[in-house]
Amino acid sequence: MRPTAPLLVLTIGQGLATGIIVTYAALRLAGYTDATLVVMALIAAAAGGVGSFFHMHRLKAARYVLRRLKTSWLSREALTTGLFGGALAILLVWSYGGFPSGAALTVFSVLTAALGLVAVWVTAMLYATIRAMLSWNTPRTVVAFLIVSLLSGSTTALAVRPMGHHADTGLGLAIMVVALATGAVKLWQLQYFRRARERLGQDETSLPFSPYRLHDTGTSKPPYRVQTQVWPTIAARTRRNGLALVLILQCAAPAVFAAIAAFSGGWLWGIAAGASALVGTIADRWLFFADAVHSSLVFFPDGAGPLNQARRISG
């Protein structure tokens with residue numbers, strides 16, 4: 001699938017906002033308050049919202065997006081993400097408006113964090129339920145979205161806050177565990193991506209192309225060839241480099257930097273963890289879209305598939 005900039009901003013912004021507010025809620029439960037994290041979460045959510053507008057192909061139809069809540073994950077995504085953004089705005093006003101900020105605010109923070117996790121889950125389900133997108137049609141997609149959200153948000157929280165509170169040691173160690181778990185999940189997810197490429201290769205050399213059927217006019221001319229799901233298969237070297245960036249920048253480096261920050265209290269290590277995780281998340285999300293295999297490649301190979309090679313040989 002084409003990894004457009006609005007799509008990357010939309011998914012990364014939503015996950016980042018959720019991870020930050022989950023961290024904020026956890027810190028409040030630990031007795032530490034920092035409303036700056038609410039501001040950061042709202043900025044990330046707003047960026048994701050702007051990205052969603054640029055991602056829409058027909059802005060006039062956006063007003064109908066909530067009409068299919070019973071059947072459409074896209075409608076559910078719009079609803080849950082909108083509710084999450086509204087809750088963040090209320091949380092910001094509550095934090096800076098001079099209102100009482102005791103247990104009630106802590107409870108609302110936890111509820112907002114839960115709403116953010118629901119929004120990320122719904123977005124992940126939007127991709128995981130696309131049967132024709134062979135790489136995504138698995139629960140691994142949902143698990144990966146959730147854990148990447150937690151990692152990117154928690155490392156950002158570590159980067160923007162001064163070290164020194166007793167909760168920072170726990171946060172650093174928690175990030176180390178989440179980063180290592182993220183590495184395991186990414187390997188688990190990318191294994192399914194590889195299986196999807198192998199499965200497509202098998203489908204290209206045998207009939208029928210079940211269980212997927214492409215409902216199309218049978219032409220490879222525009223507008224089909226310019227739609228979002230059409231993206232040339234990336235080179236093996238690009239895939240390996242992308243995977244290396246993800247494992248190093250998104251997983252390994254934040255784990256090391258967060259552990260050092262936890263024990264040394266050095267704020268620069270927190271910044272390094274946040275910056276590394278953010279760059280790694282961008283690489284991860286780009287790879288998620290760019291390396292995805294759509295079943296339509298069986299019918300419209302991009303020039304490098306087994307079916308196209310067979311045509312050149314037979315020709």
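1. The chain has 9 helices and 0 strands, where helices (H or I, at least four residues) and strands (E, at least two) are DSSP runs numbered from the N terminus. Reading from the N terminus, the order is α-α-α-α-α-α-α-α-α. Bear in mind that this is a predicted model, in which local features need pLDDT of at least 70 and side-chain atom pairs count only at pLDDT 80 or more, while totals for chains, interfaces and linings use all residues. Residues are numbered from 1 along each chain as its sequence is written, and side-chain values use heavy atoms, with hydrogens and water left out.

2. On confidence: the mean pLDDT (the predictor's confidence in each residue, from 0 to 100) is 81, and 77% of the residues reach 70 or more. A contact here means heavy atoms within 4.5 Å. Where pLDDT is low, the predicted coordinates should not be read in detail.

3. Now the overall packing. Of the 315 residues, 45% count as buried, meaning under 20% relative accessible area; exposed is over 50%, and partly exposed lies in between (1.4 Å probe, protein chains only). Among contacts with a separation of 6 or more, 79% come from residues 24 or more positions apart. The chain exposes about 15,300 Å², with carbon and sulfur atoms supplying 68% of that (Shrake-Rupley method, 1.4 Å probe; for residues, only the protein chains shown count as cover).

4. Helix α5 (residues 139–160) has 22 residues and reaches 32 Å from its first C-alpha to its last, close to the 32 Å expected at 1.5 Å a residue. The expected span is 1.5 Å times one less than the number of residues. Since 16 of those 22 residues are buried, α5 is largely enclosed by the rest of the structure.

5. Just after α3, Gly 98 takes a positive phi of about 80°.

6. Have a look at Leu 69, in the loop between α2 (36–55) and α3 (73–96). Leu 69 is partly exposed, at 34% relative accessible area. With Leu 79 and Leu 83, Leu 69 forms a nonpolar surface patch of about 230 Å² accessible area together.

Key
Patch = residues over 30% accessible without salt bridge, like charges linked within 9 Å, V, L, I, M, F, W, Y side chains within 5 Å. Salt bridge = Lys/Arg side-chain N within 4 Å of Asp/Glu carboxyl O.
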